Amino acid sequence: MLLAALALLAGTAFAHNVPLGYSNGQVSEDSPYTITGKKDVSAAVYIRPEVYEKYANCDITGIRVGLASAKYCDSLTVWVRETLDGENLATKRIRRNEGQVAVQGWNDLLFDTSLPLEGKSFYIGYTYSQRYKDAAVSIVGDPLPATSFLQTAKNAEWQDISADGVISLELLVGGENMPPYDLKLNGATGMQMAEGVLSIAISITNHGTHDAEEYDLTFDSQGYHYVLTMTTPIVSGTTTEVTTELDGVPAGVGLSIPLTVTATRIAGGEDSTPEDNGTTVAMRLPRNPVVEEFTGTGCGWCPRGLVGMDKLHEKYGDRFVGIAIHGFNKTDPMYPVAYKNIGFSGAPSCKIDRQELIDPYYGSSEDVCVDFEKEMEKGAFVGITASATFNEARTMVDITAQVTTQIDLAGASIAFVLTADSLAGKGSAWRQSNYYANYKSSELPDDLSQFGIGGAKGSNSFEWIYNDVAIATYQEGNKFDIPLDNIKPFETTQVTTTIAMPVKKELLQAIRYDLVNANVFVVEAKGGIANAVRTRVTDFTGVRELDRRSNAAPQEVARYTIDGRMVTHPQKGINIVRRSDGSTVKIMVR
C-alpha cells in the first residue's frame, strides 16, 4: 500500500489542523463548470511530496473543500486515494438529511482516524451529490499541470482541468510533530494610491500550531526599507489578508523596481521554515477596460448599443477603450475589412476585456456601466503607454507602444486597432435601422425613448453620429496581434508597427483625421485582455493641420487590391491608389 495503515486515533481530532495545497486559501464565488441533473460530481487534486515536505512526519487529519456553490448539495464526501478510481484510504461524509449541511466557501471535514504522511504522491478529493444543476467546483489561480481533475458523473471519465487553474481543495495536516511557529506569505498585491503612497494587501497562512500573536513585516526595495510590527493575531491553521499603507515610497518602487515583503520576526519563537516567509509585491495599475461591440446599421435593436457605448465614451473618457465593430451587415459603410473573430454571433452584443458576452446597454444585468466599473476596479498588473502618428499623406499610422509588466506574460501578445469618432454620412447606407420605432416612447427607458414613436429618432431608420468605430487593425496573414516574447516581471519591452488607413471612399470621406485613435492592448495567453491604452493619432509633424494641401502634383503613396490588401506593384484587376493629396482613384490593370 502506498500510504501506511491508519493510525489508531479513532474519534480524535487534533486541536490544530494546518491546510496545505495549491489554492493558498482561495475560493471562487463562481464556477466555470455548471453540471446539470441529479448526480454525483467528483473533484480531485494530485498531491506531490514537495507540498507537505516539511510535515512529512505528521498526519492527514482531514480535507478542506472550497465550494463555489452548495445550493443543491445533498451530501459531501471527502477522501484520500492512491489513484483517481482507487479505494478510499480515508473518508468522511456529511449529509443534509442528517443536519450536516455543506456551505459555499470552505468546508473542513476531519477524518475519524488520521492518516500518516509517508513521502509519497496521492490524490485528495471530494464527491458532491447534487439534486439539481449546480456550479459547485471552485477553481482559482494559475494553471498547474496535471494537478486538478473533474468527474462530472459517477463512473464518468476523469477530465484533467489543470489548464483552468487549481481546484480549491487542501489537506488538513496535524499531529505531535507539527511546528509551533510557521508563517507562509502566499503573495502580495499593491495599488498606487497617490505619488509615494502604496496600498499593500498580503496573504499570510499560519502553518504552525501556535497563533502568531505579534510579528514583523519588512518591506525592502532599492533605496527603501521599512519594518511594520503587526499585533493582530493570525490563528493557527488560518489564512488572512493583512492590509497596510506605505507612505514616502520613492518613485518607481513596486512598479519598475521590485518591492519585497518578508515576515522577519514572530514573537515567542522562531519560524520553522523561513524560506517561504517572503514574496514580491505585484503592483496593480489603473485598468482601462476594452469594450468590443458587435453592431451594424442594419441591426434594428442596435440603437440601444449606440446609447450604451456613447454613455461609456462620455462618462469614462480615455479609461474607456471602445471598439465598435460594424460587422452585422456588409452594406454598412463602416463594415471592417478585417477583425479578429472573438466569438460574436448576434448584435447588439459586446465583451469587456474579452470575457463573457453581454449586452452593450444592459450589461450582464441592468446597466453596462456597472460591468465596466467592476472591471476597472480589478486594476491591472500590466502598464502600457503608446504614441501614434500619421505619415505625411495620412495613409498609414505608425504606432509605438511600451509594455511594463509586474507578472510573467508567457504566451501574451499585443494588438493594435484604429478607431474613429464622429463618423457621419449621407445616404440610406448610413442610416441606422430601428425596431424601437414600433414602441411608444413612454414604454422605453428615458435614454431610449428618442427611438420610440414620437421620439426625435422614432422612425424605422435615422441618421446618427457614430463613435469608436473600428476602421483598421493590425493583421499579418491570419494573425491579429504580435507576440511579446514572454517578457518577465519588471521588464519593459517596446513594440512598433504600421497600420494602413482604410481605402473605402465612402468611409474616408466621413473620417475626421483629428478624431482618429490608436487602441493598444495586451492579450493574455488565455485570451483575456490584461490592460489597454487609447491615444489620439497626430500628424507626423506633431501638429494637426487638417486642411493642408500641396501645390505639387499628387504622387502615389499606397496601392491596394479591391479587397483592401496592400501591394507594392500593380495587380491585375481593379487597383485602388491612394495619393499624396489624400485622394483615391480606382485603376483597372489588365
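Reader: Is Gln-26 buried, exposed or partly exposed?
Author: In this predicted model, Gln-26 counts as partly exposed, because its relative accessibility is 38%.

Reader: And where is Gln-26 placed?
Author: Gln-26 lies in the loop between β1 (18–21) and β2 (39–47).

Reader: Which residues is Gln-26 in contact with, leaving aside its neighbours within four places in sequence?
Author: With those neighbours set aside, Gln-26 is in contact with Trp-106, Val-140 and Ser-168.

Reader: What share of the contacts in the chain joins residues 24 or more positions apart?
Author: Among contacts with a separation of 6 or more, such pairs account for 72%.

Reader: You mentioned β1. Which sheet is β1 part of?
Author: Strand β1 belongs to an open sheet of 4 strands, in the order β1-β12-β3-β6, with antiparallel pairing. Strands β1 and β6 (105–116) stand at the edges with a single partner strand each, so one side of each has no neighbour in the sheet. On average, neighbouring strands of this sheet are turned by 30° against each other, direction ignored.

Reader: How many bridges join β3 to β6?
Author: Strand β3 (residues 59–67) is joined to β6 by 8 bridges, and the two run antiparallel. In one of these pairings, Val-65 has Asn-107 of β6 as its bridge partner.

Reader: What holds strands together in general?
Author: Strands of a sheet pair through backbone hydrogen bonds, in either a parallel or an antiparallel manner.

Reader: Now to β19. Is its pairing with β13 parallel or antiparallel?
Author: Strand β13 (residues 183–194) pairs with β19 (residues 278–284) in the parallel sense, over 4 bridges. Here Met-191 has Arg-284 in β19 as its bridge partner. Strand β18 (residues 260–266), by contrast, pairs with β19 in the antiparallel sense, over 3 bridges. The bridge partner of Val-261 in β19 is Thr-279.

Reader: How many helices and strands does the chain have?
Author: The protein chain has 3 helices and 37 strands. Of its 590 residues, 52% count as buried.

Reader: Changing topic to the surface: which residues form a nonpolar patch there?
Author: The patch is formed by Trp-301, Tyr-435 and Tyr-439, which together have about 290 Å² of accessible area. The protein chain exposes about 26900 Å², of which carbon and sulfur atoms supply 48%.

Definitions and conventions. Residues numbered from 1 in each chain as written. Predicted model: local features only at pLDDT ≥ 70, side-chain atom pairs only at ≥ 80, totals over all residues. Heavy atoms only, no water. Patch = residues over 30% accessible without salt bridge, like charges linked within 9 Å, V, L, I, M, F, W, Y side chains within 5 Å. Areas by Shrake-Rupley, 256 points an atom, 1.4 Å probe, with all protein chains shown as cover. Salt bridge = Lys/Arg side-chain N within 4 Å of Asp/Glu carboxyl O. Pairing = 2+ DSSP bridges. Buried < 20%, exposed > 50% of the residue type's maximum accessible area, 1.4 Å probe, protein only. Contact = heavy atoms within 4.5 Å. Axes fitted to C-alpha atoms, helices over the stretch in contact; angles between N-to-C directions.
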